[in-house]
Amino acid sequence: MAESAFYKQVFENNRKWIAEKKAIDKDYFTRLAQGQKPEILYIGCSDSRATAEELMGAGPGQVFVHRNIANIVGSSDLNALSVVNFAIGTLHVKHVVVCGHYGCGGVKAAMVAKDMGLLNPWLRHVRDVYRLHREELGRITDEEQRYRRLVELNVEEQCINVIKTAVLQKSYLRNRTPTVHGWVFDMHTGELMDLRFDFPGKLEEVRQIYDLGSEL
Ligand code: CO
């Protein structure tokens, strides 16, 4: 379907969606407007194919979502850090998920030796991940496999960036929640994979240098 055709359909789709929701539960939107208590904070890529709610089967109210190019949690990104702070400190989510995806254009662009203009400082986050893991990545001779591994390593590093925040450390030391997870979505199969990120181990490791919670 051409883009413009879809654009023209959006408001009609919205009216149908309202009717469908009300047919199942006439008070659906009244309850929805009362407040949110999402269980998961999802940090994913902006890629239009790596949807957040749809691939998890989540409905409104279940997932707090932040998306940007290559699912980055930068140390001076007020947008991402505000989302992390609000989700953990105020909404008290139980799980923080960083979800990357194979075929990520942002990760691919970071692997190319080229001036990307305005995107340079953003892609540098991914290039830093490459530098941190250059030995492991250098041993992978197949370019596609190296690209897939960088997608996974970028997810792990962004999980570590979540752990570096004071709000995560303080919340976890006080309440043993939330836990941090790394996932990858494979759009070739639709499958969502858990990278089994070692949250307790990485938390210990991170706190040896970035300890912001032990005054508690
Ligand atoms: Co992407």
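User: What kind of model is it, and how are residues numbered?
Analyst: It is a predicted model, where local features need pLDDT of at least 70, side-chain atom pairs count only at pLDDT 80 or more, and totals for chains, interfaces and linings use all residues. Residues are numbered from 1 along each chain as its sequence is written, and side-chain values use heavy atoms, with hydrogens and water left out.

User: How many helices and strands?
Analyst: The protein chain has 10 helices and 5 strands. These are DSSP runs numbered from the N terminus: helices are H or I with at least four residues, strands are E with at least two. The C-alpha atoms fill a box of roughly 55 × 50 × 30 Å along the principal axes. Of the 216 residues, 38% count as buried.

User: Which domains is the protein chain divided into?
Analyst: Domain 1 covers 9–35 and domain 2 covers 39–207. The bounds come from an automatic or database domain assignment. Their C-alpha centres lie 32 Å apart.

User: Now the metal. What coordinates the cobalt ion?
Analyst: Cys 45 (SG), His 101 (NE2) and Cys 104 (SG) do, at 2.1 to 2.3 Å. Donors here are N, O and S atoms within 2.8 Å of the metal (3.2 Å for Na, K and Ca); water is not among the atoms, so sites may look incomplete.

User: How are the donor residues spaced in sequence?
Analyst: As C-x55-H-x2-C. Cys 45 lies in strand E1 (residues 40–45) and His 101 in strand E3 (residues 95–101), so the pair ties together parts that are 56 residues apart in sequence.

User: Are Cys 45 and His 101 buried or exposed?
Analyst: Both Cys 45 and His 101 are buried.

User: Switching to packing. How many residues has the largest nonpolar core?
Analyst: It has 44 residues, and Leu 41 and Val 180 have the most contacts inside it. Helix H8 (residues 143–163) gives the most to this core, with 9 residues. A nonpolar core is a set of buried Ala, Val, Leu, Ile, Met, Phe, Trp, Tyr and Cys residues joined through side-chain atoms within 4.5 Å.

User: What is Val 180 in contact with?
Analyst: Leaving aside neighbours within four places in sequence, Val 180 is in contact with Val 96, Cys 159, Val 162, Ile 163, Leu 168, Phe 197 and Phe 199. Contact means heavy atoms within 4.5 Å. There is also a second, separate core of 9 residues, which includes Ile 40, Ala 52, Val 97 and Phe 185.

User: How many aromatic pairs?
Analyst: The structure holds 4. Rings of Phe, Tyr and Trp (its six-membered ring) pair if their centres lie within 6.5 Å; planes under 30 degrees apart count as stacked, over 60 as edge-to-face, and the rest as tilted. One of the pairs is Trp 17 with Phe 29, edge-to-face at 5.3 Å centre to centre and 70 degrees between the planes. Trp 17 lies in helix H1 (residues 3–24) and Phe 29 in helix H2 (residues 28–32), so the pair ties together parts 12 residues apart in sequence. Trp 17 counts as partly exposed, at 33% relative accessibility. Phe 29 is partly exposed too, at 24%.

User: And what about Tyr 172 and Phe 199?
Analyst: They form an edge-to-face pair, 5.0 Å centre to centre with 85 degrees between the planes. Tyr 172 lies in helix H9 (residues 166–175) and Phe 199 in helix H10 (residues 199–207), so this pair ties together parts 27 residues apart in sequence. Phe 199 is buried, with a relative accessible area of 3%.

User: Backbone next. Which peptide bond is cis?
Analyst: The one from Thr 177 to Pro 178, with omega near 5 degrees. Pro 178 lies in the loop between H9 and strand E4 (179–186).

User: What about phi at Ala 70 and Arg 176?
Analyst: Ala 70 has a positive phi of about 70 degrees, although it is not a glycine. Ala 70 is buried, at 1% relative accessibility, in the loop between strand E2 (63–68) and helix H4 (78–89). Arg 176 has a positive phi near 60 degrees. Arg 176 counts as exposed, at 55% relative accessibility, and is in the loop between H9 and E4.

Notes. Buried < 20%, exposed > 50% of the residue type's maximum accessible area, 1.4 Å probe, protein only.
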